[in-house]
Amino acid sequence: MKIKYLGTAAAEGIPALFCACETCKRALKYGGKNVMTRSQALIDDGLLIDFNSDTYMHFLNMRRTLVDVEYVLITHSHTDHFTFEENFCRFEGIAHNVKKQKLSVYLSKGAYEKMVACTKIREEDETARNKRFEYIIVEPYKPFYAGEYLVTPLPAVHMLSEQALIYLIEKDGKAIFYGNDTGVFPTEIDDYLIENNKKIDLLSLDCTMGELRDGAVNHMSMNEGKSIADRFAEKGLLSDNALLYYNHFSHNVGMIYDELKKAAEKYGLNVTYDGLELTV
Ligand SMILES: [Zn+2]
Ligand SMILES: [Zn+2]
Ligand SMILES: [Zn+2]
């Protein structure tokens, strides 16, 4: 599998939308990898993780549209992960020559209910939507197939109003653990992975707190991410040469890309950046 990180920042981006802090000023000044858009990833060409307001720009940067995307996994409904107001762009009469009539969107019950409520307020045509989308409600520990991909939702520790999800995505004997927007999760996830003989080839973890502090309820620090990597390694859940990455960065930690990279080296992990492509 190939994964391309289209966006790697937390909700407000780096530089953050309305911010003039020193970190944001430096990110703007130096540009390149220091500029990070809202988190989103593309697996191969057809499986998209999250759909946020930077989606359009992410695909424009690749000089393509979303015509090849067949499946979308939504981690949760925070704005940096799910901007459902864009639905109408795929309606009949607006999106022509689509390859797949209905785009399959996998999401939690809570995220689905929010999408329905919001689109009602916006007077979206539900019949038109249902012609072009199928929404599939998923639950932790209940694997499903999205085309050739075996996907297992796992419970993130992130929101009170809905079950945010981590996704384990498997194909051709390889597995990607896509786990941003979560605090340190309980070892029941480890137990499930052990019971089901899973081996992770890419571990991608939340790093919203950077080196600021441990113990945030809904996010991880570098130290906590390292503790997850160590714990998985000790339990034999990582394949030989597994790739270990921090993802989902915030300007609030005060570091731009080079500084994040240097800090991450102390913990033995790598950092993502917008446009990074990895193969497992
Ligand atoms: Zn987020
Ligand atoms: Zn800032
Ligand atoms: Zn979130």
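This is a predicted model: local features need pLDDT of at least 70, side-chain atom pairs count only at pLDDT 80 or more; totals for chains, interfaces and linings use all residues.
**Exercise 1. Work out which strands pair with β11, and in which sense.**

Solution. 
- Step 1: Begin with β11 itself, residues 200–206. Seven of its seven residues are buried, leaving the strand mostly covered.
- Step 2: Look towards β10 (residues 174–179), which runs parallel to β11 and is joined to it by four bridges. In this pairing, Tyr178 lies opposite Ser204 of β11.
- Step 3: Now turn to β12 (residues 238–247), whose pairing with β11 is also parallel and spans six bridges. Here Ser204 has Tyr245 of β12 opposite.
- Step 4: Follow the chain between the strands. Helix α6 (residues 222–234) forms another right-handed β-α-β unit with β11 and β12.

**Exercise 2. Find which residues of helix α7 are buried, and explain why they lie on the same side.**

Solution. 
- Step 1: Taking buried as under 20% relative accessible area, pick out Tyr257, Leu260, Ala263, Ala264 and Tyr267 within α7 (residues 257–267).
- Step 2: Check their directions around the axis: these residues share one side of α7 because their arc is only 130°.
- Step 3: Turn to the other side of the helix, where Asp258, Lys262, Glu265 and Lys266 are exposed.
- Step 4: Ask what covers the buried residues of α7. The cover includes α6, β12 and β13 (270–271).
- Step 5: Finish just past the helix end, at Gly268, which has a positive phi of about 80°.

Definitions and conventions
Residues are numbered from 1 along each chain as its sequence is written. Chains are lettered from A and ligands numbered from 1 in the order in which they are written. Side-chain values use heavy atoms; hydrogens and water are left out. Buried means under 20% relative accessible area, exposed over 50%, partly exposed in between (1.4 Å probe, protein chains only). Helices (H or I, at least four residues) and strands (E, at least two) are DSSP runs, numbered from the N terminus. Two strands pair if DSSP finds at least two bridges between them. A crossover is right-handed if, with the strands pointing away from the viewer, the path from the first strand over the helix to the second runs clockwise. The arc is that of the directions from the helix axis to the C-beta atoms. Contact means heavy atoms within 4.5 Å.
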